Amino acid sequence: MAVGELELVQSNTLSSASSLNTGVIFDDLYQDYVVNLSNIDDSADRSMSMRVITGGSPDTGSNYEYAIIDMADERGDLNPTGTSQTNFGDKIVSEIPDVPFSGGNHLRINSPAISTQYTYVIVSHTFTQTYPLIRHRRGYGVYKQANVVTGLEFQFSASTTGTKIDIYGLRVT
Amino acid sequence: MSDKSNIYGYVAGGPTQASGSNTGVFEVNDIVDLLALDKWTLQDFDGKLEYIARSEYTGSTTHFNFGSISESSYSTHILVVENAHTVNDGQEIWLRFSTDNLSTAIATGYKWTQNFGDSGPNHSSSRSQNSSRITLASAVGNDAYECANGVIWLYNLGDSALQSHCTFEFSVRDQNARNRYHFGGGALNNNNTINGLQVIPGSGNFNNGSATLYGLARA
């Protein structure tokens, strides 16, 4: 419990989940967070999106924006972007492949609990789907409201089991 | 430490001492002893980067090898490569996995994709669907101050039911004395338990540098 340490804030393993609300996880003990997704898989393909929680509820407004490089092993790069989105969609959060295909993703979230700043997300995501395809997505997202963000809500295209979602904070006080 | 196996504390019903499972009332000296054995749990310290191993060039260690990686303890590993200086000029830096604690490094069946660029300025991408390695960086120079530095996040190494993946980002001083970036992802196209890792140049050896492996604890 010292300044500069990376500390586990919350740990989740999905089990028949259609959504995950983290509750209050962001505060002034930390300024930067890592949302680490591992063992991303299920018995069938799923997708995952994410919203921020402000004022006790997920913000469903058109307040999300992203730009990424979508890289693959069988084609050149794509550059999907989105403005005025109602969530951080599957291209920035995650697609959930069917076993044995899988993936990992770490989202770095900057300054969610500061009321005078937007909340920024940096994504680094690798996953496989259907032999021999591999995807790597790298880019950014921003929640374009200067609100205190206290948590995250993840939504899944169908009930899903297995993926681990862990939130770490980099201690500043 | 004296032999006090399973006698810490005095709460009836069997006090226990293991990482993540301390029950009972403990004397101060007991806590000091258990901390030294990494069997004392402080909730605020749970979940962090935990050191696993370091491979450092020593004159005889010419590749960065990890034959024991605690794969069953973590779903995410982080491998930090520092000051990787190659004997030969213009080298790629490769990552390989092993299923036999690095008695052999697997040299087939990898897939990867990456972007790279330099201060030329140039920007490009490369990829492979069936490779002998995951290529992390390229064109690493061998003059003084030319080397590769990078971070690799590794996922699902210890899960025999899932393919193992990585994301990586590297900063290179290249053979043309330019700064160069690489970022991308890779995987082994088999679902096996991975219990060894190797970082090697495309040809020749390293003659400086190190790699350090950490586990990202979940509890």
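This is a predicted model: local features need pLDDT of at least 70, side-chain atom pairs count only at pLDDT 80 or more; totals for chains, interfaces and linings use all residues.
Local features require pLDDT of at least 70 and side-chain atom pairs pLDDT 80 or more, whereas totals for chains, interfaces and linings use all residues; side-chain values rest on heavy atoms, with hydrogens and water left out. Residues are numbered from 1 along each chain as its sequence is written, and chains are lettered from A and ligands numbered from 1 in the order in which they are written.

**Chain B**

Chain B contains one helix and 14 strands, where helices (H or I, at least four residues) and strands (E, at least two) are DSSP runs numbered from the N terminus. Of its 219 residues, 47% are buried; buried means under 20% relative accessible area, exposed over 50%, and partly exposed in between, with a 1.4 Å probe and protein chains only. Contacts (heavy atoms within 4.5 Å) were also classed by sequence separation: among those in chain B between residues at least 6 apart, 67% join residues at least 24 apart. The accessible surface of chain B is about 9,600 Å², and carbon and sulfur atoms account for 45% of that area. Accessible areas follow the Shrake-Rupley method with a 1.4 Å probe, and for residues only the protein chains shown count as cover.

**Nonpolar cores and a surface patch**

A nonpolar core is a set of buried Ala, Val, Leu, Ile, Met, Phe, Trp, Tyr and Cys residues joined through side-chain atoms within 4.5 Å. The largest such core has 35 residues, and the members that touch the most others are F66(B), L95(B), F97(B), I134(B), I152(B), L154(B) and L197(B). Neighbours within four places in sequence aside, the contacts of F66(B) include L79(B), L102(B), L197(B), A211(B) and L213(B). A second, separate core has 31 residues, among them Y30(A), I96(A), I165(A) and I167(A).

L136(B) belongs to strand β9 (residues 134-140) of chain B and is buried, at 0% relative accessibility. Beyond residues up to four places away in sequence, the residues that L136(B) touches include I93(B), W94(B), L95(B), I152(B), F168(B) and F170(B). In chain A, T54(A) is part of strand β4 (residues 46-54) and is buried, with a relative accessible area of 16%. With residues up to four places away in sequence not counted, T54(A) touches D59(A), Y143(A), N147(A), V148(A) and V149(A).

On the surface, Y118(A), Y120(A) and Y140(A) form a nonpolar patch with about 280 Å² of accessible area together. Patches are made of residues with over 30% relative accessible area and no salt bridge; like charges are joined within 9 Å, and nonpolar side chains (Val, Leu, Ile, Met, Phe, Trp, Tyr) within 5 Å. Y118(A) sits in the loop between β9 (103-110) and β10 (119-128) of chain A and is partly exposed, at 37% relative accessible area.

**Interface**

The contact between the chains involves 40 residues from chain B and 45 residues from chain A. About 3,100 Å² is buried between chain B and chain A, with 54% given by carbon and sulfur atoms. Buried area here is the accessible area (1.4 Å probe) that two parts lose on being put together, summed over both. Three salt bridges are counted between chain B and chain A.

**Salt bridges**

A salt bridge is a side-chain nitrogen of Lys or Arg within 4 Å of a carboxyl oxygen of Asp or Glu. Over all chains, the structure has 14 salt bridges. Some of the pairs are listed below.

| Residue pair | N to O distance |
|---|---|
| E169(B) and R138(A) | 2.5 Å |
| R171(A) and E7(A) | 3.2 Å |
| E92(B) and R133(B) | 3.1 Å |
| D118(B) and R178(B) | 3.8 Å |

The side chains of R171(A) and E7(A) meet in a salt bridge. R171(A) lies in strand β13 (residues 164-171) and E7(A) in strand β1 (residues 6-13) of chain A, so this pair ties together parts 164 residues apart in sequence. Both R171(A) and E7(A) are buried.

The side chains of E92(B) and R133(B) are also paired. E92(B) is in strand β6 (residues 91-98) and R133(B) in the loop between β8 (122-131) and β9 of chain B, so the pair ties together parts 41 residues apart in sequence. E92(B) is partly exposed, at 26% relative accessibility, whereas R133(B) is buried, at 19%.

D118(B) and R178(B) form another salt bridge. Since D118(B) lies in strand β7 (residues 110-118) and R178(B) in the loop between β11 (165-173) and β12 (179-188) of chain B, the pair ties together parts 60 residues apart in sequence. D118(B) is buried, at 14% relative accessibility, and R178(B) is partly exposed, at 31% relative accessible area. In chain A, a network of salt bridges links D70(A), R75(A), E95(A) and R137(A).
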